[in-house]
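Here are a few friendly notes to read alongside the model. Please keep the picture open while you go through them.

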Amino acid sequence: MSILVNKNTKVIVQGFTGKEGSFHAEQCLAYGTKIVGGVTPNKGGTTHLGQPVFDTVADAVRQTGATVSMIFVPPAFVADAVMEAAEAGIELAVIITEGAPVRDMQKAKAHAVKHGMLTIGPNCPGIITADECKIGIMPGMIFKKGRVGLISKSGTLTYESANQIVKEGFGISTAVGIGGDPIIGLSYKQLLPMFEADPETDAIVMVGEIGGDLEIQAARFIKEHIKKPVVAFIAGQTAPKGKRMGHAGAIISGSAGTAAEKMAALEDAGVTVVVSPAEIGKAVTKALKK
Amino acid sequence: MNIHEYQAKQIFAQYGVPTPRGIVANTPDEAVANAKELGGSIWVVKAQIHAGGRGLGGGVKLARSLDEVRTLASQILGMTLVTHQTGPEGKLVKKVYIEEGADIKKEYYLGIVLDRAKEMPVIMASTEGGMEIENVAHDSPEKIIKVAVDPAIGFQPFHGRELAFGLGLAKEEQSKFIAFASALYNVYIEKDAEMIEINPLIRTGSGDFLALDGKVGFDDSALYRHPELEAMRDIDEEDADEREAGQYGLSYISLDGEIGCMVNGAGLAMGTMDTINHMGGTPANFLDVGGKANAETVAKGFEIILKNPKVKAIFVNIFGGIVRCDRIANGILEATKMVDVHVPVIVRLDGTNAPEAAEILRNANIANVIAATDLADGAAKAVAAAKGAK
């Protein structure tokens, strides 16, 4: 089980033959991910890392039956790549690329939604179902198989959390790095019910950050719908108040996006909130031994 | 990236967003010449810094004669302006904007920002112009009208009507206001703005709407396609250390505490600061070395951290993923040879090849370098080292 991806998931890579795409696709293949091909315009018909290369995503999907795409194209081309994947019938696009313009992601995400394609990222480590399928740039060996689901805005905090959970004698079912850009794909609110429904997940760890109000929305959702234990950490309690120019951002969400506000909302929803990421592992142990 | 008010108004003018006329000046002489060129008998002398609250801080003054323009420009140029957005250290004023006086009948607020939940730009308008809009949002949120615009269809007349009726504008005022909002939306979209704020937007005695102020911030990720905006960058407004760090791929923000931090990843960097704080210490900085920590970047990081005389210990907290910890350990050893590191350095390396890294640090046996086993251990040792140094 797990969520979204498993050992049978067929994956293609957009930006397959580039430096980043090649390096990480090779790591994913070594992990056991079923990468069935890649897309690089004008390199169709060639072979890379032992897999076929296609000129278009539509060709790749038609010939390989892939349902997931891992996207490594440079920032200026991300929106195009995501929209191409959506129209080609890809079901989930995992966007690793960092530095895509917000306006581009807004357009691409709207198009993905229109075509029923889920997205993860951009600017994220990706998704991993332990011992089955790694789609992204995370170090696979940290994620030992277990029964804790992990959702995180931050890449290195995903690794830190997974490492602690494993050291406590537990492991990870699926870990999703959702990224922290202004426009992102799947967020806590969509992933929480997937973990709640997954029979192979017993507890959920969510790692958030200051800014935005996704964690507040998550808290509301948890209060109503999540029965499994949730442990949360919000990074940035001691972050300085930014030297901002305007106030518009805070007004629109109706919240200042502070760590204190998010932590209070999560606690109110019955979540175990830790004040330091160093306490995540122990809090999971406590939650699972209740 | 942020720009000055006078630059924002140049952009507004290109898009047909009306503003009072004005000219930027670097000296009192230029200020007087600009006032003469603008003509009239009343001018506003406005400090140009990247922060709001300039009026309250004494950086915006009315002049009723050319002599007064000179006096005020002399006062404001070179002053350190402290507002609620500059931090206590304030900002040095190097430019003033000389603007013609405006006949203000009524003040409004107009802003555009991304609504992350709706994933669309939202236009916000209020009759409570000239006030702290955050206070308005807190005390009387019903006085802020919000209209989301789907970029797929762009700004339509009905969006304009929603705003205009929301503000209670009279029939004859509506069309000029809607044209103003529509033009401002075009600026937001075409220039890849992150935020636009006009406070106040004024209605004049003759019924025109003018942007009396203008704050614009742009999406850094989109600057590659806007060389004209990149050319507006004022490096005097940016922190020199943050800028230098950026050139080496490091993301650095200085803080008030005693423990220098060097971490990979923004989330872990913030989490490290939180942990230090939780254990009774104070972080001296935020520093994310990114995914490419090597001897050179680590050395640069040490150099920037140690410029701060308050630093009593450094905590290096790296979770090696694709980057191998043994390489980072060697990088740290190299860096200690390149930079005179005169405070204790607590090193926590976890992840890929962590045992080998620990071995390297043990064998090197540098007096100042203290190995830590995990985040909690490292933070505790850093806090103890900083306290011991007092």
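1. A word to start with: a residue is buried when its relative accessible area is under 20%, exposed when that area is over 50%, and partly exposed in between, using a 1.4 Å probe and the protein chains only. In chain B, 53% of the 390 residues count as buried. In chain A, buried residues make up 60% of the 290 residues.

2. How to read the numbers. This is a predicted model, in which local features need pLDDT of at least 70 and side-chain atom pairs count only at pLDDT 80 or more, while totals for chains, interfaces and linings use all residues. Residues are numbered from 1 along each chain as its sequence is written, chains are lettered from A and ligands numbered from 1 in the order in which they are written, and side-chain values use heavy atoms, leaving out hydrogens and water.

3. Chain A. Look for 10 helices and 14 strands in chain A (DSSP runs numbered from the N terminus: H or I of at least four residues for helices, E of at least two for strands). The radius of gyration of chain A is 19 Å, close to the 19 Å from the globule rule for 290 residues, so chain A is as compact as a globular protein of that length. Here the radius is taken over C-alpha atoms, and the rule is 2.2 Å times the number of residues to the power 0.38. The C-alpha atoms of chain A fill a box of roughly 55 × 45 × 30 Å along the principal axes.

4. Chain B. Its secondary structure comes to 13 helices and 18 strands. Along the principal axes, the C-alpha atoms of chain B fill a box of roughly 80 × 50 × 40 Å. Of the contacts in chain B (heavy atoms within 4.5 Å) between residues at least 6 apart in sequence, 69% join residues at least 24 apart.

5. The cores. A nonpolar core is a set of buried Ala, Val, Leu, Ile, Met, Phe, Trp, Tyr and Cys residues joined through side-chain atoms within 4.5 Å. Which residues touch the most other members of the largest core? Of its 68 residues, they are B:Phe12, B:Leu110, B:Leu163, B:Phe177 and B:Phe218. Helix α6 of chain B (residues 171–190) gives the largest share of this core, 10 residues. A second, separate core has 46 residues, including A:Ile142, A:Ala162, B:Ala269 and B:Leu375.

6. Beyond its neighbours within four places in sequence, B:Phe12 is in contact with several residues, among them B:Val17, B:Leu184, B:Ile196 and B:Val216.
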